[in-house]
Amino acid sequence: MEFSHIVFDIISSFAIVAIFMPFLIGYLVAHKEGQSIREEGPKWHEKKSGTPTMGGLLIIVATLITDIWVGIWQGQLTHSLLITTFVIVLYGCIGFIDDFIKVFKKRNLGLRAYQKALLQIIVGIIFLAVYNGDQLPMNFTIPGVLSVNSVVIFVLFTIFWLVGFSNATNLTDGLDGLLGGLGTISYATYGIISLNQNRFDLAIVCFSVVGALLAFLIFNHKPAKIFMGDVGSLALGAGLAAISILLGRYWSLLLIGLVYVIETMSVMLQVFSFKVFHRRIFKMTPIHHHFEMMGWSEWRIDIVFWIVGAICSAIYLILFV
C-alpha cells in the first residue's frame, strides 16, 4: 500500500464529513434538536445545552463508504476489513438508538444501562460468529505470565474488550474535541501497525477513521458546533478493540488507549470509594471533569490528554513495532 493510497483514503473520508456536516448541523438546528446536558455535570456546561449532537453519524458513514471503495480499488475488500467496518457500524447503531431517545424522545438517560450492555454483548457475539474462527488469534496470552489456547476464554475476553473499550471512549467524550483528537491519534497508530504487519485491509479502516475525525474536529473543537454523540463514541472504541484483536495485539490498547483506561478507572474508583468509604477521590469523574473543577480550561485538558495519548502511542511504536 503506497503512501498516495493512504492519502486518498484520508482525503475521501475527510471530504465526506467536511462537505455534509454543515447540512447535518443545519438540519438539527432548524428542528431544534440538541443535546441535553446532565445535571450532575459541571455547571458551566449548561450553556452547551441545545448544541446539536449525533455528529458521529457522519464519521461512520464516511468510514463505511471509504472502506468499501478504497478496499475494492486496492483489492483489499477482505473479511477483516468488512467485519471491522461491520463492528464500527453496529456499535454506532447502538449509539444512534441511545442518541435518538435522548434527542428526539427527550429522555436524557437514553437507553437503560442493561439495554445498552445487552446490545453491545450481542454485537460482540455476532462479531465472533460471522468471522472465520480459524483466522482469529485464539491463543489468549498475558506476556510472561500466562498462555492458554482456549476458545471459551478468548470469546469471553473479546466480548469484554469490545464492550469495555466502547464504554471507555464513551466516557472520554465529555469535552469539545477531546475524543476526536485522541481517536485520531489512536487510529493513526493502529494504521501504522497495520502497515508494518502488511495488514493493508485494516490500515484502510484505520486511515478512513483518521480522515473522518480530522474533518469532524473542524466542527467539534471548542466551542463545538456539534457533538459526536454515543453514535460516534461507542463506535470508535469498539473499532479500536476489534482492530487490536485482529492484529493479535490486544494488550497494545492498554498503552495506546491509556487515556481511555484512566478515564474509566477514575469512574470505577470514585464509585468504589464513595460506596465503601463515603468519600470521593476526585472532585468529579470522569477525570477530565476533575481537572475542569481544578480550573483547567477545556483546551488545556484537550492538549494535555492528546499529548499523553501521542506519547503512549509513540512508546508502543518504538518498543514493539
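View 1. Leu182, Ile185, Ser186, Ile256, Gly257, Leu258, Val259, Tyr260, Gly309 and Ser313 form the lining of the second largest cavity. Here a cavity is, on a 1 Å grid over the protein atoms alone, a set of points where a 1.4 Å probe fits but cannot get out, and lining residues have an atom within 4 Å of a point. Two or more of these residues come from each of α6, α10 and α12 (298–320), where helices (H or I, at least four residues) are DSSP runs numbered from the N terminus. The space inside is about 40 Å³, a volume being the space filled by probe spheres set on the points, which are joined across faces, edges and corners. Six lining residues are nonpolar, four are polar and none is charged; Ala, Val, Leu, Ile, Met, Phe, Trp, Tyr, Cys and Pro count as nonpolar, Asp, Glu, Lys and Arg as charged, and the others, Gly among them, as polar. The model is a predicted one, in which local features need pLDDT of at least 70 and side-chain atom pairs count only at pLDDT 80 or more, while totals for chains, interfaces and linings use all residues. Residues are numbered from 1 along each chain as its sequence is written, and side-chain values use heavy atoms, with hydrogens and water left out.

**View 2. The largest cavity.** There are two cavities of 30 Å³ or more, and the largest holds about 50 Å³ of space. Its lining consists of Ile59, Ile60, Thr63, Ile88, Val209, Gly232, Ala235 and Leu236, with α2 and α8 as the elements that each give two or more residues. Six of the lining residues are nonpolar, two are polar and none is charged.

**View 3. The second largest pocket.** A pocket, unlike a cavity, is an open set of points, with protein on both sides within 12 Å along at least five of seven lines. The second largest pocket contains about 300 Å³ of space, and of its 13 lining residues the closest to the centre are Phe160, Gly164, Ala168, Thr264 and Met268. Helices α5 (151–172) and α10 (258–277) each supply at least two residues of this lining, which divides into 11 nonpolar, two polar and no charged residues.

View 4. Phe200 lies in helix α7 (residues 200–220) and counts as partly exposed because its relative accessibility is 22%, where buried means under 20% relative accessible area, exposed over 50% and partly exposed in between (1.4 Å probe, protein chains only). Leaving aside neighbours within four places in sequence, Phe200 is in contact (heavy atoms within 4.5 Å) with Met1, Gln76, Ser194 and Leu195. The C-alpha atoms of Phe200 and Ile6 are separated by 9.8 Å, although these residues are 194 residues apart along the chain.

View 5. Most residues other than glycine have a negative phi, and most peptide bonds are trans. Met54, in the loop between α1 (3–30) and α2 (56–73), has a positive phi of about 70 degrees and is buried, with a relative accessible area of 5%. Asn198, in the loop between α6 (178–196) and α7, has a positive phi near 60 degrees, but Asn198 is exposed, at 55% relative accessibility. The peptide bond from Lys222 to Pro223 is cis, with omega near -5 degrees, and Pro223 sits in the loop between α7 and α8 (229–246). The bond from Thr285 to Pro286 is cis too, with omega near -5 degrees, and Pro286 belongs to the loop between α10 and α11 (287–293).
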